[in-house]
Amino acid sequence: MKIYFDGVDKLKMSPEKVARKVEKQANDLVAGAALRTVAAAKNRLQPLPEDSRELTVDIGAVRQSITFTHDKSQMAAIVTAGNVTGEHMAAYLEFGTGRYAAIKFLS
């Protein structure tokens with residue numbers, strides 16, 4: 001990660017202000033990475049032409065549910081995927097092991 005401060009006036013900042021700027025830039029990077037991960041996941045999760053109508057609807061619901069939450073205090077983001085009822089379906093779609101596979105990943 002690169003943090004940039006340009007101009008001599010930036011050298012006059014208090015350590016607290018520098019810390020806030022660094023924290024903001026780090027959080028911006030975390031949020032940007034999470035947003036790119038969500039976009040890539042949605043792009044990859046496409047139904048195949050041979051998929052049944054039911055599976056296509058399920059895949060579409062999971063695709064729409066892919067999102068992230070950003071915890072600025074921890075400088076962290078969590079990307080999640082689940083269907084419209086809140087079940088975690090991403091592991092099922094990835095591995096075909098049923099909805100209980102999500103429990104193994106979360107615990």
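I looked up Leu29 to begin with, and at 45% relative accessibility it counts as partly exposed (buried is under 20% relative accessible area, exposed over 50%, partly exposed in between; 1.4 Å probe, protein chains only). Leu29 lies in helix 1.

I note the ground rules here. This is a predicted model, in which local features need pLDDT of at least 70, side-chain atom pairs count only at pLDDT 80 or more, and totals for chains, interfaces and linings use all residues. Residues are numbered from 1 along each chain as its sequence is written, and side-chain values use heavy atoms, with hydrogens and water left out.

**Confidence**

I checked pLDDT (the predictor's confidence in each residue, from 0 to 100). The average for the protein is 75, and 65% of the residues score at least 70. Over residues 97–107 the pLDDT stays under 50, and the model has 12 contacts for them beyond four places in sequence (contact means heavy atoms within 4.5 Å).

**Overall layout**

I counted 4 helices and 2 strands (DSSP runs numbered from the N terminus: helices are H or I with at least four residues, strands are E with at least two). Along the sequence the pattern reads α-α-β-β-α-α. The protein has 107 residues, of which 18% count as buried. Among contacts between residues at least 6 apart in sequence, 33% join residues at least 24 apart.

**Helix 1**

I searched the whole structure for salt bridges and found 1 (a side-chain nitrogen of Lys or Arg within 4 Å of a carboxyl oxygen of Asp or Glu). Asp28 forms a salt bridge with Lys24, and the closest N and O atoms are 2.8 Å apart. Both Asp28 and Lys24 lie in helix 1, 4 residues apart, which is about one turn of the helix. Asp28 is partly exposed at 43% relative accessible area, while Lys24 counts as exposed at 52%.

Is Asn27 buried or exposed? Asn27 is buried, because its relative accessible area is 5%. Asn27 is found in helix 1, which covers residues 15–44. Leaving aside neighbours within four places in sequence, I find Asn27 in contact with His70, Asp71, Lys72 and Met75.

**Hairpin**

I followed Met75 to the loop between strand 1 and strand 2. Met75 is not a glycine, yet has a positive phi of about 50°. Its relative accessible area is 37%, so Met75 is partly exposed. The hairpin has 4 residues between its strands. Strand 1 (residues 67–71) and strand 2 (residues 76–80) pair in the antiparallel sense over 5 bridges (two strands pair if DSSP finds at least two bridges between them). I read Ile78 in strand 2 as the bridge partner of Thr69.

**Core**

Which residues make up the largest nonpolar core? I list Val38, Leu45, Ile59, Val62, Ile66 and Ala81, 6 residues in all (a nonpolar core is a set of buried Ala, Val, Leu, Ile, Met, Phe, Trp, Tyr and Cys residues joined through side-chain atoms within 4.5 Å). Not counting residues up to four places away in sequence, Val38 touches Ile66, Thr67, Phe68 and Val79.
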